[in-house]
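Welcome, and thanks for taking a look at this chain. Below is a short briefing to read alongside the model.

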Amino acid sequence: MSFTPPPDAPPASVAIPSRSLDDQVAFDTKTDTYLNWLATFRDWLATFTGWVGTFTAELATTQDQVQTSALAATDAAAAALAASNFKGLWASLAGPLAKPACVKHDGRFWMLLNNLADVSTSTPGVSADWTSLDAGNVIQVVTVNTTMQPGITYVVAAADVTLQAPVALLTGDRLIARSIVAGAFLADWNGHSVKSDPQTLPMSIPAFMGFDLTYTGSTLA
């Protein structure tokens with residue numbers, strides 16, 4: 001992104017009138033010149049102040065764009081790593097399966113989120129152990145208190161449910177939830193801050209609302 005250039009430098013200062021050093025004529029002349037310079041400098045300072053506000057906003061936007069690009073690159077790298085460890089059709093697999101791994105099932109490619117003792121017991125598109133590489137995230141409908149896993153879209157189908165963030169998060173992890181009931185649910189951030197704001201109590205999420213937050217390495221944003 002390009003930044004708005006600052007205004008040109010203010011006009012050079014002029015001589016300051018002195019009662020003790022200048023005669024009356026010189027003093028009057030310098031005073032008129034100095035007052036005119038002050039008026040010009042005042043206008044320049046107002047312009048500069050406006051530019052500082054503009055530059056600060058542009059800098060914040062650029063920082064957001066850089067952060068978003070970095071998170072997207074992290075996601076893409078994780079997906080590429082999983083895809084490079086393609087294990088074949090899920091239905092043909094059995095026994096232990098560890099990350100990184102990718103399988104194909106029901107016409108989609110799935111990335112493994114959790115190490116499995118027996119891959120045949122965890123069905124892509126049904127289990128939260130998987131997230132799709134070529135379509136939306138795995139959806140999990142919840143009606144009881146649940147500890148979230150990154151990359152899963154939790155659909156809250158009962159009021160007063162608490163969704164708890166995992167203790168450990170990696171940069172780029174996304175926590176997503178949507179409510180489909182006419183009642184609030186709670187988000188327990190488990191010690192993580194949200195947009196750099198410390199969260200000591202569970203956050204009430206209004207009816208039919210939700211959140212989509214990405215861990216930056218220091219906060220959920």
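**Aromatic pairs, cores and strands**

Trp51 and Phe55 are about one helical turn apart, because they sit 4 residues apart in helix α1 (residues 24-83). Helices (H or I, at least four residues) and strands (E, at least two) are DSSP runs, numbered from the N terminus. The model is predicted, so local features need pLDDT of at least 70 and side-chain atom pairs count only at pLDDT 80 or more, while totals for chains, interfaces and linings use all residues. Residues are numbered from 1 along each chain as its sequence is written, and side-chain values use heavy atoms, with hydrogens and water left out.

**Aromatic pairs**

- Rings of Phe, Tyr and Trp (its six-membered ring) pair if their centres lie within 6.5 Å; planes under 30 degrees apart count as stacked, over 60 as edge-to-face and the rest as tilted.
- By this rule there are 9 aromatic pairs.
- The rings of Trp51 and Phe55 are stacked, with centres 5.2 Å apart and planes at 20°.
- Trp51 is buried at 17% relative accessible area, whereas Phe55 is partly exposed at 28%; buried means under 20% relative accessible area, exposed over 50%, and partly exposed in between (1.4 Å probe, protein chains only).
- Ring pairs also link these two into a cluster with Phe3, Tyr34, Trp37, Phe41, Trp44 and Phe48.
- Phe185 and Phe211 form a tilted pair, with ring centres 6.3 Å apart and planes at 40°.
- Since Phe185 belongs to strand β10 and Phe211 to strand β12, this pair ties together parts that are 26 residues apart in sequence; both residues are buried.

**Nonpolar cores**

- A nonpolar core is a set of buried Ala, Val, Leu, Ile, Met, Phe, Trp, Tyr and Cys residues joined through side-chain atoms within 4.5 Å.
- The largest such core has 24 residues, and Leu163, Leu175, Trp189 and Phe211 have the most contacts inside it.
- At least two residues of this core come from each of β7 (152-156), β9 (174-179), β10 (185-188) and β12 (210-214), with β7 giving the most, 3 residues.
- Another core, of 10 residues, lies apart from it and includes Leu93, Leu97, Leu112 and Trp130.
- Leu163 touches, among others beyond four places away in sequence, Val142, Met148, Tyr154, Phe185 and Ala187; contact means heavy atoms within 4.5 Å.

**Strand pairing**

- Two strands pair if DSSP finds at least two bridges between them.
- An open sheet of 4 strands runs in the order β6-β8-β10-β11, with mixed pairing.
- β6 (146-147) and β11 (203-205) stand at its edges with a single partner strand each, so one side of each has no neighbour in the sheet.
- β8 (residues 162-164) pairs with β10 in the parallel sense over 3 bridges, and Leu163 stands opposite Ala187 in β10.
- β1 (residues 86-89) and β2 (residues 102-105) are also parallel, over 3 bridges, whereas β2 and β3 are antiparallel, over 4 bridges.
- Cys102 is the bridge partner of Phe86 and also of Met111 in β3.

**Two threonines**

- Thr123 is found in the loop between β3 (108-112) and β4 (130-132), is partly exposed at 24% relative accessible area, and contacts Trp90, His105 and Trp130, leaving aside neighbours within four places in sequence.
- Thr219, in the segment after β12, is buried at 7% relative accessible area.
- The side chains of Thr219 and Ser193 are joined by a polar contact of 2.7 Å; a polar contact is a pair of N or O atoms within 3.5 Å, where within protein one must be able to donate a hydrogen and the other to accept it, and residues adjacent in sequence count only if both atoms are side-chain atoms.
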